[in-house]
Amino acid sequence: MQMSEITETGLAEKQGTRLQAYLAHCGVASRRASEKIITDGRVTVNGATVTELGTKVQPGDRVCVDGKPVTLEEKKRYILLNKPAGYVCSQSDEKGRDVAVDLLKSTYSERLYNVGRLDMYSEGAILFTNDGDFAARLSHPSAEIEKEYIVSTVTPLPHPVAERFERGVRIDGVFYKARRAEITGEREMRVVLIEGKNREIRRVFENAGVIIRSLVRVRIGCIQLDNLAQGSFRELSAQEVKNLLALCKNR
């Protein structure tokens, strides 16, 4: 995929852009998330509410989300954050909890949203971007991007936990399977997932009667957390973005 800048001229040359793609290029959300925003009736084009996903946006059209104008962002951002525990991965939280994207707002003016999620109590690597195409490619299960975690436990690990996780285990009708699971210490395991269902590691460990002390994501594809401090972040290089996209099986 060509990581080119999206400009008004480029949109004009395409004789209109689908509304969900336009919202993604504006940094509102990924294309898939933008589709729901549209069908929920939150988007207007030139003052008229639009709920049809096939609607085309032309250069000069005024597009608003929740009454606020959105415009194409000139610079695409790709940011790695070391998320501390206690932060949720969403644009806002109705319960008043801390939101991970807020850690970036004093540095970046662009609308940024997380690529995938980490649950509130998990820590470590998570990507933020305003590039909807990039987010959609990486977060789709067909990309098969590896995510690596270090799990520390309160009690010693029974060895069958790793073996069962690699073979696959069904819990409450949901099948969980790690690409790799390796016990690296009496109370530590390294787990590699390629899909990462909701709270997958926690559910497998709970099912085995093991209490997790900490759960840290240390790698996303070729992007390592390394020594990035908790709450700190850095921008990915152009080469890192290219390398991540090259890993996607859905390219």
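A residue is called buried here when its relative accessible area is under 20%. With that in hand, let's walk through this predicted model, starting with its aromatic contacts.

Searching the whole structure turns up two aromatic pairs. In one of them, the ring centres of Tyr 78 and Phe 134 lie 4.8 Å apart with the planes at 70°, so this pair is edge-to-face; the angle needed for that label is over 60 degrees. The partners come from distant parts of the chain, 56 residues apart: Tyr 78 belongs to strand 7 (residues 78-83), and Phe 134 to helix 4 (residues 132-139). Tyr 78 and Phe 134 are both buried.

Tyr 108 and Phe 233 also form an aromatic pair, and here the geometry is tilted, with 6.0 Å from centre to centre and 55° between the planes. Tyr 108 sits in the loop between strand 9 (98-99) and strand 10 (113-115), while Phe 233 is in strand 19 (residues 233-235), so the pair ties together parts 125 residues apart in sequence. How accessible are these two partners? Tyr 108 counts as buried because its relative accessibility is 9%, whereas Phe 233, at a relative accessible area of 24%, is partly exposed.

Four strands make up an open sheet in the order 3-2-5-6, and their pairing is antiparallel. Its edges are strand 3 (48-49) and strand 6 (68-69), each of which pairs on one side only. Follow strand 3 to strand 2 (residues 43-45), and you will find the two paired in the antiparallel sense over two bridges. Look at Val 45, too: its bridge partner in strand 3 is Ala 48.

Conventions:
Residues are numbered from 1 along each chain as its sequence is written. This is a predicted model: local features need pLDDT of at least 70, side-chain atom pairs count only at pLDDT 80 or more; totals for chains, interfaces and linings use all residues. Side-chain values use heavy atoms; hydrogens and water are left out. Two strands pair if DSSP finds at least two bridges between them. Rings of Phe, Tyr and Trp (its six-membered ring) pair if their centres lie within 6.5 Å; planes under 30 degrees apart count as stacked, over 60 as edge-to-face and the rest as tilted. Buried means under 20% relative accessible area, exposed over 50%, partly exposed in between (1.4 Å probe, protein chains only).
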